[in-house]
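I set out to record two items from this model.

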Protein chains: 4
Amino acid sequence: MKTVLPRFIAVSLLIVLTPLSLEGKPRARDLGIPFAGTPGSHNAITDVQGVEVGHATLIAGQGKLKVGEGPVRTGVTAVLPRGRSDLRPAFGAWFSLNGNGEMTGTTWLEESGVLEGPVMVSNTHSVGIVRDAVIEWLVKKSGSQQSWALPIVAETFDGWLNDINGFHVKAAHAWQALEAATSGPVPEGNVGGGTGMICYEFKGGIGTSSRRLSEKGGGYVVGVLVQANFGLRSQLQIAGVPVGVEINDGLVWSKETGSIIVVLATDAPLLPHQLKRLARRIPLGMARTGSISGNGSGDIFIAFSTANVEATEAKEAVASLRMLRNSDMNGLFEATVQATEEAIINALVAAETMTGINDHEVLALPHDRVKAILEKYQRRAQDRRAPPP
Amino acid sequence: MKTVLPRFIAVSLLIVLTPLSLEGKPRARDLGIPFAGTPGSHNAITDVQGVEVGHATLIAGQGKLKVGEGPVRTGVTAVLPRGRSDLRPAFGAWFSLNGNGEMTGTTWLEESGVLEGPVMVSNTHSVGIVRDAVIEWLVKKSGSQQSWALPIVAETFDGWLNDINGFHVKAAHAWQALEAATSGPVPEGNVGGGTGMICYEFKGGIGTSSRRLSEKGGGYVVGVLVQANFGLRSQLQIAGVPVGVEINDGLVWSKETGSIIVVLATDAPLLPHQLKRLARRIPLGMARTGSISGNGSGDIFIAFSTANVEATEAKEAVASLRMLRNSDMNGLFEATVQATEEAIINALVAAETMTGINDHEVLALPHDRVKAILEKYQRRAQDRRAPPP
Amino acid sequence: MKTVLPRFIAVSLLIVLTPLSLEGKPRARDLGIPFAGTPGSHNAITDVQGVEVGHATLIAGQGKLKVGEGPVRTGVTAVLPRGRSDLRPAFGAWFSLNGNGEMTGTTWLEESGVLEGPVMVSNTHSVGIVRDAVIEWLVKKSGSQQSWALPIVAETFDGWLNDINGFHVKAAHAWQALEAATSGPVPEGNVGGGTGMICYEFKGGIGTSSRRLSEKGGGYVVGVLVQANFGLRSQLQIAGVPVGVEINDGLVWSKETGSIIVVLATDAPLLPHQLKRLARRIPLGMARTGSISGNGSGDIFIAFSTANVEATEAKEAVASLRMLRNSDMNGLFEATVQATEEAIINALVAAETMTGINDHEVLALPHDRVKAILEKYQRRAQDRRAPPP
Amino acid sequence: MKTVLPRFIAVSLLIVLTPLSLEGKPRARDLGIPFAGTPGSHNAITDVQGVEVGHATLIAGQGKLKVGEGPVRTGVTAVLPRGRSDLRPAFGAWFSLNGNGEMTGTTWLEESGVLEGPVMVSNTHSVGIVRDAVIEWLVKKSGSQQSWALPIVAETFDGWLNDINGFHVKAAHAWQALEAATSGPVPEGNVGGGTGMICYEFKGGIGTSSRRLSEKGGGYVVGVLVQANFGLRSQLQIAGVPVGVEINDGLVWSKETGSIIVVLATDAPLLPHQLKRLARRIPLGMARTGSISGNGSGDIFIAFSTANVEATEAKEAVASLRMLRNSDMNGLFEATVQATEEAIINALVAAETMTGINDHEVLALPHDRVKAILEKYQRRAQDRRAPPP
């Protein structure tokens, strides 16, 4: 017989210790939303050592749409597995829950098991420009005229708020996101590729979270970054509570649309086929927020490991590497589910009300109402001190 | 702006009307667990017209394990897409969330898009005998000496309660399950292949549920049958409520083990690649009960459509068929998630405490405690009249 | 017992009747290379009714490479399943033999079973610009500001002859290829996306071929277009004859590099999972020319069917469609293998010697030597009148 | 510029040195069929150190079929990656070119990347009995009552010669094949699972071959074992020569039927996703013998590596292992294609004329006619001294 009591204590302490976000904005935990598991120090994908994130955010104009002139509500987000100063490859894998979207570069990722270069996320109609821009950036970085690359670029659709067919993202914006990449806290909400996104009919965008396993579990970190742009309001669940049913005003859609891109990083020494096991669990985290993965959704996920750098750079024919055995992966599976759930809620909590093309307005998740609903269902963390497993 | 109010009314009425199970035993809805969506008349996979289910249940002996002698706690469950009297094929597809298990016949299912014959579920070490028994049964049914078949047989592991290495399932038990198949209410819990199964460290086994779409949504039925044998107690969520944290006595495992097989039927006219879309959503329903799909879990799913029978039997080179367009599938996705969630909880509610080999005892889910916990979290259906979406 | 004699006669007549290519250049059959099966009237992918092909060819400059200035040896090829005037979708599927390359848009193709828009092929570093250009073209065509698209764009690497990091392909070139698309004979060799390609260390590029099934076999047409840029000389086999061993001068590579993109069209009424069966046979055709699909090769294939247009455009929730049964697909499999083999050899026969960056020269396949080698091995068609099956 | 001359010399010497088969029967090379590459000492899958192969062959009765009584022409073949005395797992992967067949256990193989236990091949209707028999054998070997397993068992259909619906294979035959497993030369033709098989309308069955890479290429060995039961006569090519067109008497089928199972072993340190790359090349070897992989064919392949045994047995959470980098895999790809081609032809050369149920007779490949045809096409090895690449 085991007891789960100690974990509760650890978690409730952590809630107290979690710092507010970059500009003092609250994050999901700060509202008293109970999440299981122990996050890393920034509760962000950058808790995986080496990972850097950069954003380029484009916001300009207002009022009626004039294609090519705006208004503009879009951007680019870059995730660099080993940071800007270390472009060596990493083992990686991907999974598509519902493929109504794009993630370039996955064919070689699947074949080789190796992620070469950054992971970029932007809007649907800017995938191409970002892709070629990454090649140009890599060519310059490597200094070789014969270089080639098959970059990973994903997208979600921001055409409700953004002049998407104006093609406002330029190569320079992709480079800007790459050059802005840093470790530490990650801006969330209306930033980078997430600038014009909508989630559960609230303003969505970029969110991130992480989990650190116990020393007994290996002490590994799993970090998740999402570009959240999916879901109908009525589907939204927070900590098992039907928040979307309770807040049924300010709706946007008549039918589901949108997508979610998830980037998962870990320092656990996983082989490519094991990283795919993590990617395949990301839907389990999405489901905890209410997703049914609608037909219009491009729910596409990539997972990489920063371990085994000597193996993936491959200086000799045979490399030495390390592998976590399959039977020790459960902690990583749990972390994947938990961090995905929290990253989505973090995106909702961070995003602010935005008005875009044709005065389309999308409201932010109202923090006070969420707190009240959690309390009504006896689920607010500081009241309960007993988050779910 | 839309209102979701009318749906609540419909659902709460349905809860009242749902009949008790075969022997008057309560099902999950009868406990006041709030589930979204409208089930079919039996809230079972057999609500999809034509589908028949049969069980062969083997329970014998008690006390210390003597391999080959028992105790025996196992069985076989058969699902026939068009019933025993119509063995014509059906479009089908499969998906593995975590492949630590077996489902034979999937290679041809994937290649051809067609499910030929029944879907069988038993224990891990009886897949072979059941498979060959199905061939023998089909050969006799067809009367042809040159017949051949690649049967679908899946499994979960019942070695905690059952003398699994005694190989007690014989060909006759497979035939018995096939010949017992009927439409109408489906026995749940400790029956058929589910006899010796364990779910979230409560007694598990067979569970079923269904959803009927609105006429506007096409009026299609989605039915799900699970053989539930997975999960740690602490993970269990019911209607978003952390039931497993609340009931932390009577535990069984030190680490996750077990599996779940899910059989999904629909009468919607879906092509094979569309049925795979349904199969890929089954994890979203599992996740709502708390699953993280542990390493030891064989979480393998099959989906078939009873529509288009003229096409799948293929009397001429070119057949006519019908297809629901992708953009109208969201109702089926929602139904898949909802019916999967409810079928798992139905298995838990129906299964009764069992003692197996070496006096291993696995307790049933305590109905009264579940009701009390739901009330504590303001989630019991008759109190709230507002089930989640 | 069956006799295969009549087929020989048909084939040998066809060889006589096959017209020379566009500018009177010989094609592979004209050299007496024996191919099995009956091609369509143009022996091209355009023999599938409705299919149109357009090229934009960029050739400029010579001498030493100055990145951004040239020399330029590249282009874009567009394949439109129903032509420029009918952009309705088509059932489609894809397969990657060795994924060291890019084909965008495949995630939605796999999920939906539907190919929306054209298939584009260019060089590796121009996939992005071509992709976004296709969106812009589709948006203009549809006249809707809210349109979106996930275009299919594939590539092979032409950096041995072309200033690939000069990014010379512009959006206008993609539109030029699209607007140039026509039915009828298809220019081969150093044209479009194939302009700077190398195959078996001879000059490669675009090649095409088709097969028309007998009326008894359904009368369907299978058309193949390749952008051939793969293989070591020593591997090259033509009609089973080790031509690459016999012609071992003018070599280019020290190790294998390059790729092949194959686009397959048919008018047979195949569902998406059946089209994948065709795509998965394309390697069998490649193998007949000697390919081992090296690590550096992006061998990626797409197959689509022009049948069932009413179903794929999906005006109502449920569409009627037709399906060829699996057991009648062997003729299509054979046609796929044969047309793939011949399209590759056609690319080699059509391509002409080219000098590119830094005076790199790649020689054309020498027609006279091929004829002589075939005669030495008793395999030249007019001598033997007995092509292989 | 490189020269290929030295390889020719090495190969032609090797042909001279290759020993005759077990009982002095010639193998394909002995007939002067030119194959490229350098085989291991036995030109068999057992050239990969540790691999053992065992057969149980069942031949009884003659004349008219009485289901259950015979005639019997079937058997079981066992391949043990590390031999009978070392059941530790091995990295593995699988691929299905055309899934009209069965290979159990592949779902866990795909998920875990690990092959646990032997690979068994039998007839279509004996997969189940063999599967459960392997579990029983493993349980006895391990001595643990709680053991479980998901065995790999594949099949091809022998119902033209064998009373397949008589279910003559018993558990004891599976054990017999396992216990008979040895290293060294491998019996080919009408043995084990291959006893009643038919290939290109000649008698088929078991065949094997191997390739040893140069020291510069790593010195790795690739071994292949096939159970060949596929193809129409007219499709058969040997060394690029249309032998099937030349020998068009003694035909069996009106349409293609049958299948091929291929087991590939290597000692190269490959990760699971790299082994899948080898498995995906097996069709390229099949294609060189003429295969189009017909609809009725179960063309299913498994590949495993005997390297990294410490990692796959996983005594600690993190294991050390070695990996060959992707860019050094071309030699293994070439070896895979070559050994697959030769193993199929070896099966044809070894198999002897057989009469089965209802006096069905299938003729052996006539060695003398093959020699004559090769000579006619200038392709017989001792005449040419220049095998293809």
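I looked up the pairing of strand β5 (residues 119-123) of chain A with β6(A) and found it parallel, over 5 bridges. Strands here are DSSP runs of E of at least two residues, and helices are runs of H or I of at least four, numbered from the N terminus; two strands pair if DSSP finds at least two bridges between them. In β6(A), A:V153 is the bridge partner of A:M120.

The model is predicted: local features need pLDDT of at least 70, side-chain atom pairs count only at pLDDT 80 or more, and totals for chains, interfaces and linings use all residues. Residues are numbered from 1 along each chain as its sequence is written, chains are lettered from A and ligands numbered from 1 in the order written, and side-chain values use heavy atoms, without hydrogens and water.

I then traced the sheet of chain A: 4 strands form an open, mixed sheet in the order β1-β2-β5-β6. β1 (52-60) and β6 (152-156) of chain A are at the edges with a single partner strand each, so one side of each has no neighbour in the sheet.

I turned next to chain C and chain D. Their contact (heavy atoms within 4.5 Å) takes 51 residues from chain C and 50 residues from chain D. The buried area (accessible area, 1.4 Å probe, lost by two parts on being put together, summed over both) is about 4,300 Å², with 55% from carbon and sulfur atoms.
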